[in-house]
Amino acid sequence: MRRLILLRHAKTERDAPSGRDQDRRLDERGRHDGAEMGRWLALHDYRPDLVLVSTATRTQESWELLRAAMPSVRVKHLPALYGADPSELLRIIHGVADADPQCLLILAHNPGLHELALGLIASGDPAGRQALASNLPTAGVTVIDFKIDDWEKVGFRTGRLERFASPKLLREGSEGA
């Protein structure tokens with residue numbers, strides 16, 4: 001079995017001082033939510049063997065908040081994750097076959113992450129699927145399991161939603177699990 005965790009970066013400022021979208025930083029709520037989701041991942045023992053992080057400022061800052069909950073994990077910073085569509089993200093997932101992690105976390109952006117999650121999930125947690133259907137919010141986490149032994153076998157409609165969570169769902173006490 002392989003587990004994929006898709007995590008959208010935390011909440012950001014509207015505009016970067018540079019005017020470049022890639023330079024947008026986390027705002028105060030984003031810093032709080034990013035740290036909270038890191039604790040949630042650790043609490044539920046969702047510990048990746050490999051983390052792929054977009055090189056955009058907001059994802060790098062989100063990773064710094066999560067890293068405390070995930071010591072000694074392998075990390076790769078990939079520019080290709082910024083703006084990646086579901087097909088590109090799937091190619092990136094297939095590309096981790098050499099590293100062969102049991103659990104892979106991708107920290108990146110919408111709309112690609114949300115569309116990928118919707119495309120991969122064929123079954124699983126009904127409440128989580130319903131919550132995910134409309135949006136993968138900032139700092140939202142989607143945990144998808146695959147009954148496979150090789151990352152190259154991950155495909156659309158082959159995953160089972162294990163759990164969906166977001167800071168808002170955690171505050172409401174209904175984390176989608």
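Leaving aside residues up to four places away in sequence, D145 touches M1, R2, R3, T158, G159, R160 and E162, where contact means heavy atoms within 4.5 Å. The coordinates come from a predicted model, in which local features need pLDDT of at least 70 and side-chain atom pairs count only at pLDDT 80 or more, while totals for chains, interfaces and linings use all residues. Residues are numbered from 1 along each chain as its sequence is written, and side-chain values use heavy atoms, with hydrogens and water left out.

D145 belongs to strand β6; helices (H or I, at least four residues) and strands (E, at least two) are DSSP runs, numbered from the N terminus. Because its relative accessibility is 4%, D145 counts as buried, the term for residues under 20% relative accessible area, with exposed for those over 50% and partly exposed in between (1.4 Å probe, protein chains only). The side chains of D145 and R3 are joined by a polar contact of 2.6 Å; such a contact is a pair of N or O atoms within 3.5 Å, of which, within protein, one must be able to donate a hydrogen and the other to accept it, and residues adjacent in sequence count only if both atoms are side-chain atoms.

The strand around this residue, β6 (residues 141–146), is mostly covered, with 6 of its 6 residues buried. In a regular strand the side chains alternate between the two faces of the sheet. Here V141, V143 and D145 point one way, whereas T142, I144 and F146 point the other way, and all are buried.

On one pairing, β6 meets strand β1 (residues 2–8) in the antiparallel sense over 6 bridges, two strands being paired if DSSP finds at least two bridges between them. Within this pairing, L6 has T142 as its bridge partner in β6, and R2 has F146. Strand β7 (residues 159–165) also pairs with β6 in the antiparallel sense, over 5 bridges, and there R160 stands opposite D145.

These strands are part of an open sheet of 7 strands, in the order β3-β2-β4-β1-β6-β7-β5, whose pairing is mixed. Its edge strands are β3 and β5 (121–124), each of which pairs on one side only. Neighbouring strands of this sheet are turned by 25° against each other on average, direction ignored, where axes are lines fitted to C-alpha atoms, for helices over the stretch in contact, and angles run from 0 to 180 degrees between N-to-C directions. Helix α2 packs on the sheet, touching β1, β2 (50–54), β3 and β4 (103–108), and its direction makes about 145° with that of β2.

The axes of helix α4 (residues 112–120) and helix α5 (residues 126–134) come within 10 Å and cross at roughly 145°. At this crossing, H114, A117 and L118 in α4 meet L132, A133 and S134 in α5.

Finally, consider a loop residue. P71 lies in the loop between α2 (57–67) and β3 (74–78), and it counts as exposed because its relative accessibility is 56%. Although P71 and R47 are 24 residues apart along the chain, their C-alpha atoms are separated by 9.3 Å.
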